[in-house]
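Good morning, colleagues. Please have the sequence and the structure open before you while I speak.

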Amino acid sequence: MHLLNLGILAHVDAGKTSLTERLLHTAGVTDEIGSVDRGSTRTDTLALERQRGITIKSAVVSFPLDSVTVNLIDTPGHPDFIAEVERVLGVLDGAVLVVSAVEGVQAQTRVLMRTLRRLRIPTLVFVNKIDRRGARGASVLEEMTRRLSVPLVPMGTAAGLGTRAARFLPGLGPSALDVLADHDDDLLAAYVTHGISDGRLDAALAAQTRQGLVHPVWFGSALTGAGVAGLVSGVERLLPPASGDPDGPLSGTVFKVERGPAGEKIAYARIFSGTLRVRDRVPLGAGREEAAGHEEGDLREKGDPRERGDGRERGDPREKVDGREEGRITALTVFDHGGDVRREEAGAGRIARLWGLGGVRIGDALGTPGRAAGHHFAPPTLETVVVPGPGADRRALHLALTQLAEQDPLIGVRHDELRRETSVSLYGEVQKEVIEATLADEYGLDVTFRETTTLCVERPVGSGAAVEFNKKDGNPFLATVGLRVDAAPPGSGVRFGLEVELGSMPYAFFKAVEDTVRETLGQGLHGWRVTDCAVTMTHSGYSPRQSHAHQGFDKSMSSTGYDFRGLTPLVLVEALRRARTVVYEPMHRFRIEAPADTLGALLPVLARLGAVPESTGGHDRAGVLEGAVPAARVHELGQRLPGLTRGEGELETVFDHYAPVTRGPLPERPRTDHNPLDRKEYLLNVTRRMGD
């Protein structure tokens with residue numbers, strides 16, 4: 001039987017989890033349909049999810065159809081948990097996008113559809129809640145066509161809208177041929193010549209759906225089951241099954257990590273190729289995100305590698321296999337008939353839960369690196385300081401936040417030793433509330449938060465270079481490091497390269513420089529993460545290993561990785577000074593739909609908030625304003641909108657880009673490192689550590 005890894009995606013409250021429960025019941029996996037309101041769903045297993053009635057973590061459940069076994073992945077709908085959706089996208093064979101027949105297209109609907117289209121993930125659409133008062137049929141289809149700007153193929157129509165008797169009437173209409181013919185000239189020619197059979201039309205629909213060119217649409221209700229049978233048939237007929245050679249080289253991706261009852265790590269992985277077996281040793285780690293800013297540390301936490309006692313330095317590639325960590329599978333389960341069951345192996349196409357990978361992280365590749373784990377959505381643009389309550393153990397809090405960051409790397413825990421503060425990056429206020437509740441319920445830690453602030457970034461303006469030579473001009477480190485920083489195009493991230501011979505000194509020293517460059521770029525000249533730049537190593541040098549007769553290694557005369565890690569920040573910030581950096585703030589794309597006669601009152605308010613309207617439009621008596629607004633002012637815009645539009649205004653916002661800060665004082669972020677911007681202070685702190 002074929003496998004299909006299917007994602008269910010939607011804007012919050014569109015009925016995504018309810019549809020998952022209906023699908024499980026329809027497939028015979030459950031005898032009773034779980035209820036979000038009663039907290040009895042199969043996929044929302046966290047106590048917090050059941051209390052709040054929202055999905056926070058992705059969950060996997062399996063059910064069989066006639067010719068395919070479906071691994072169904074229920075994802076969060078709230079935009080604060082978009083990172084959880086992002087990790088799932090890379091393991092899907094197909095998706096169902098759920099839209100409410102009452103609310104229609106919402107902000108998250110548009111974000112998700114754009115991403116699904118960009119990734120060419122075959123996607124079906126299910127218009128849910130046709131039994132609810134206010135449900136719409138044809139107008140929602142028109143709205144989706146207009147606002148999603150994608151080719152839709154209605155698989156029938158809805159009757160009895162807004163009543164418990166609402167039902168789905170299957171049947172392809174004339175518009176189906178028009179949509180399909182746009183992507184298939186032969187189909188149109190055949191229709192003009194001798195007509196099109198139903199079989200030919202169905203074949204064209206299946207082929208174009210599997211290529212992600214068109215999107216079939218069903219109307220129905222997860223509550224009553226209307227239209228669900230048609231959707232199930234579409235999942236089976238129109239979406240491509242999982243591919244991959246079970247006898248090929250092992251290749252998989254970890255998309256979720258959780259902790260078991262005993263605190264052990266459990267990894268969820270999609271196997272793309274090969275077969276993974278219990279007791280296998282597998283390389284992992286090449287697919288993980290290495291960008292600076294997700295994990296920020298400093299030299300104080302690393303210690304002096306010269307004190308390891310084994311003669312090797314931390315980061316030495318001999319500690320790994322081909323530069324990658326290895327793990328040994330001690331147990332695994334696969335998903336089958338509503339649950340997960342113990343197996344000795346998991347082959348290509350499977351999603352498996354894995355035990356034994358203590359060092360695993362989200363985004364890791366298992367075996368041969370396969371699909372790149374790129375970012376499809378915006379990074380978090382907010383940050384807040386976590387304040388421990390009375391009697392709370394700061395070390396326990398730091399450990400708890402570190403474990404939460406294992407499950408969601410974009411939380412971005414940032415520890416400030418000097419101020420004894422820990423901050424986390426966020427997508428929104430709901431995520432903050434969830435972190436607070438999780439710390440209380442699962443770790444017994446009472447915390448509050450300071451006011452949420454906006455996360456900016458820094459970008460170099462031009463080029464700058466600096467170099468420090470071994471034993472010259474007050475350089476206390478036994479190392480030579482030269483670096484050049486060049487501005488790079490927006491969105492390119494950080495690239496590191498060499499203009500020196502790789503064999504001119506031990507590889508471990510080059511690795512120490514690169515790792516320290518990426519770490520140091522987490523805090524630029526104004527304290528923000530530096531991105532979109534190319535850093536090139538232009539000079540290198542070291543003091544070879546020295547020893548005295550009948551004595552061991554003399555660390556006072558020989559270079560170590562610690563020398564390169566200590567010197568690199570000084571050289572890098574000097575190069576950044578010469579290149580100069582500009583602080584950029586996150587900007588959101590906004591769309592306001594409101595009565596046309598209220599738009600005039602909105603414009604001056606938008607101007608005061610720093611927003612830039614870029615287009616206007618409308619339909620019927622409603623007007624539409626679109627443009628960009630600083631992320632820091634989105635909340636205020638939402639608060640002001642009802643009073644300016646007689647309570648009829650609707651606001652959609654989504655992160656769009658970063659723009660230079662042009663209003664008010666330049667935002668600065670407190671540093672959490674030894675501050676290489678102050679050479680005297682930095683050397684005092686770092687060289688003191690060297691002498692400890």
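I shall discuss an open sheet, then a paired strand, and then a helix.

Please bear in mind throughout that this is a predicted model.

Let us begin with the sheet. Seven strands make up this open sheet, in the order E2-E3-E1-E4-E5-E9-E6, and their pairing is mixed. At the edges stand strand E2, residues 59-64, and strand E6, residues 152-154; each has a single partner strand, so one side of each is left without a neighbour in the sheet. From one strand to the next, the twist averages 25 degrees.

The partner of E6 is strand E9, residues 215-219, and the two pair in the parallel sense over three bridges. Within E9, His 215 is the bridge partner of Leu 152. Helix H5, residues 138-148, packs on the sheet and touches E4, E5, E6 and E9. The direction of H5 makes about 165 degrees with that of E6.

I turn now to strand E33, residues 622-630. Seven of its nine residues are buried, so E33 is largely enclosed by the rest of the structure. Strand E31, residues 581-595, pairs with E33 in the antiparallel sense over nine bridges; Val 624 in E33 is the bridge partner of Glu 593.

Finally, consider helix H15, residues 599-608. Which residues of H15 are buried? They are Leu 599, Leu 602, Val 605 and Leu 606. These residues cover an arc of only 115 degrees around the axis, which puts them on the same side of H15. An α-helix has 3.6 residues a turn, so residues three or four places apart point the same way. On the other side of H15, Gly 600 and Arg 608 are exposed. Just after H15, Gly 610 takes a positive phi of about 80 degrees.

Notes. Residues are numbered from 1 along each chain as its sequence is written. This is a predicted model: local features need pLDDT of at least 70, side-chain atom pairs count only at pLDDT 80 or more; totals for chains, interfaces and linings use all residues. Side-chain values use heavy atoms; hydrogens and water are left out. Two strands pair if DSSP finds at least two bridges between them. Helices (H or I, at least four residues) and strands (E, at least two) are DSSP runs, numbered from the N terminus. Axes are lines fitted to C-alpha atoms, for helices over the stretch in contact, and angles run from 0 to 180 degrees between N-to-C directions. Contact means heavy atoms within 4.5 Å. Buried means under 20% relative accessible area, exposed over 50%, partly exposed in between (1.4 Å probe, protein chains only). The arc is that of the directions from the helix axis to the C-beta atoms.
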